[in-house]
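Colleague: I would like to learn how to read the features of a protein model with some care. Could we take them one by one, with the general idea before each case?

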Amino acid sequence: MGDPGPLGRFGEHGGRYVPESLVGACREVEEAFREAWADPAFRGQLAGLLATHVGRPTPLTPALRLSAELGSTLLLKREDLAHTGSHKINNVLGQALLAKRMGKTRLVAETGAGQHGVATATAAALFGLGATVFMGERDIERQALNVFRMRMLGAEVVPVRTGSRTLKDATSEAMRHWVGVVDEAMYCMGSVLGPSPYPWMVREFQRVIGDEARRQCATELRAAVPDYVVACVGGGSNAAGTFAGFVDTPARLIGVEAAGGAGAADGTSGVLHGTRSMFLQDENGQVTEAHSIAAGLDYPGIGPEHVHLRDLGRARYVTVSDAEVIEAVMRLARTEGIVAALESAHAVAWVLRGELPAGSTVLITLSGRGDKDISTLRELV
């Protein structure tokens, strides 16, 4: 999981498929990121913020009761304990710092579950930047708490009423808006999606998850690395960050998608939101609607580097149903006292299937906490 080079490609996927009006903006972001990522002062400032503002390193929590029930050793990487309640803040702080370095005064973002929007609003408030967050009307309804949090932090939340009114459409509208404000604003992408350099840049900002977990597993496990590393995947930023810490080890990498939004499992190669990757498409190449109980995974595709890892055989991508996810949320809550986000519960759900060999050691990234999903769960359980 290295530098994709000037073409921004991971094997056959990735790249930069944008209108001419955004080519220069993407190149500006790439040049600024390459310069900043090579600058010890920039990385030191980001590391300081991750420690003092986010609360890193996040803990590695042994799931003792669940481990005993399953006959395996489960370790939970607790991104739910990061400031704002998810892994999204790691990436957003990096992009916000980069925006300041570039002289930008505003952030433009998309959000599904609202966690990326909350993180963007948080970073904007911290750095004195404006923030405009596009969110599907359907997601605004099911994630009302996060909408209130964004507005409380000073962000403008723009409802998107086109298409499925979910994450795909919010991303489309946010990128259209960016075209008109490139001089003053930076697009703050929430996942390992979009035109180059975003898939690579977002993965590098999220790499802190995997690097921390690698060090923590070395002290917890006799073999130093787990047998399995499991994370939920929509676009796939928490999984990309986690996998980056273990890609050079014998650990088996497992990305868990929603059954109704499985780009790796059910998609075909195509272009959406500036990148070539795997997307749910009909016979005419039109992107079809995804479905997931988790708003953050309600996206019809997956990041291009995940496709590359799959094609190389280095990572495996599986799916779970909404019913399995609900069961996983409840079981984790009642055995470990942890209410996970519906997105994170996809990873837990796959482990609960019981397909792993007895005695396996498993690292699960809990990408976020479930406060935002309580109203959804209350109607279903």
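Predicted model: local features only at pLDDT ≥ 70, side-chain atom pairs only at ≥ 80, totals over all residues.

Colleague: Which residues does the UniProt domain annotation cover?

Modeller: UniProt positions are given in the numbering used here, feature names are shortened, and annotations may be inferred rather than shown by experiment. In an unreviewed entry, UniProt gives "domain: Tryptophan synthase beta chain-like PALP" for residues 54-368. Over residues 54-368, the chain is 43% helix and 21% strand, with the end C-alpha atoms 13 Å apart; helices (H or I, at least four residues) and strands (E, at least two) are DSSP runs, numbered from the N terminus.

Colleague: Which residue does UniProt list as "modified residue: N6-(pyridoxal phosphate)lysine", and is that residue buried or exposed?

Modeller: The unreviewed UniProt entry lists K88 under that name, and K88 is found in helix 4, residues 88-102. Buried means under 20% relative accessible area, exposed over 50%, and partly exposed in between, with a 1.4 Å probe and protein chains only. K88 counts as buried because its relative accessibility is 15%. Contact means heavy atoms within 4.5 Å, and, leaving aside neighbours within four places in sequence, K88 is in contact with Q115, H116, A119, G190, Q206 and S237.

Colleague: How are two packed helices described?

Modeller: Two packed helices are described by the angle between their axes and the distance between the axes. Axes are lines fitted to C-alpha atoms, for helices over the stretch in contact, and angles run from 0 to 180 degrees between N-to-C directions. Helix 1 (residues 20-37) and helix 8 (residues 167-181) pack with their axes 9 Å apart, at an angle of about 85°. Helix 1 is therefore roughly perpendicular to helix 8, given that angles under 35 degrees count as roughly parallel, over 145 as roughly antiparallel, 65 to 115 as roughly perpendicular and the rest as oblique.

Colleague: Which residues of helix 1 and helix 8 meet?

Modeller: From helix 1, S21, L22, A25 and C26 meet M175, W178 and V179 of helix 8. By class, this contact of helix 1 with helix 8 has six nonpolar, one polar and no charged residues, where Ala, Val, Leu, Ile, Met, Phe, Trp, Tyr, Cys and Pro count as nonpolar, Asp, Glu, Lys and Arg as charged, and the others, Gly among them, as polar.

Colleague: At what angle do the axes of helix 13 and helix 14 cross?

Modeller: The axes of helix 13 (residues 322-336) and helix 14 (residues 342-352) cross at roughly 90° and come within 8 Å, so helix 13 is roughly perpendicular to helix 14. Among the residues making the contact are V325 and R331 of helix 13 and H346 and L352 of helix 14. By class, the contact of helix 13 with helix 14 has nine nonpolar, one polar and two charged residues.

Colleague: Which side chain does K372 join in a polar contact?

Modeller: A polar contact is a pair of N or O atoms within 3.5 Å; within protein, one must be able to donate a hydrogen and the other to accept it, and residues adjacent in sequence count only if both atoms are side-chain atoms. K372 lies in the loop between strand 15 (361-366) and helix 15 (374-380), and K372 is buried because its relative accessible area is 5%. The side chains of K372 and E343 are joined by a polar contact of 2.7 Å.

Colleague: Is D248 buried or exposed?

Modeller: D248, in the loop between helix 10 (237-244) and strand 10 (252-258), counts as exposed because its relative accessibility is 58%.

Colleague: Where is the peptide bond cis, with omega near 0°?

Modeller: The peptide bond from R56 to P57 is cis, with omega near 0°, and P57 is found in the loop between helix 2 and strand 3. A cis peptide bond also joins S196 and P197, with omega about 20°.

Key
Residues numbered from 1 in each chain as written. Heavy atoms only, no water.
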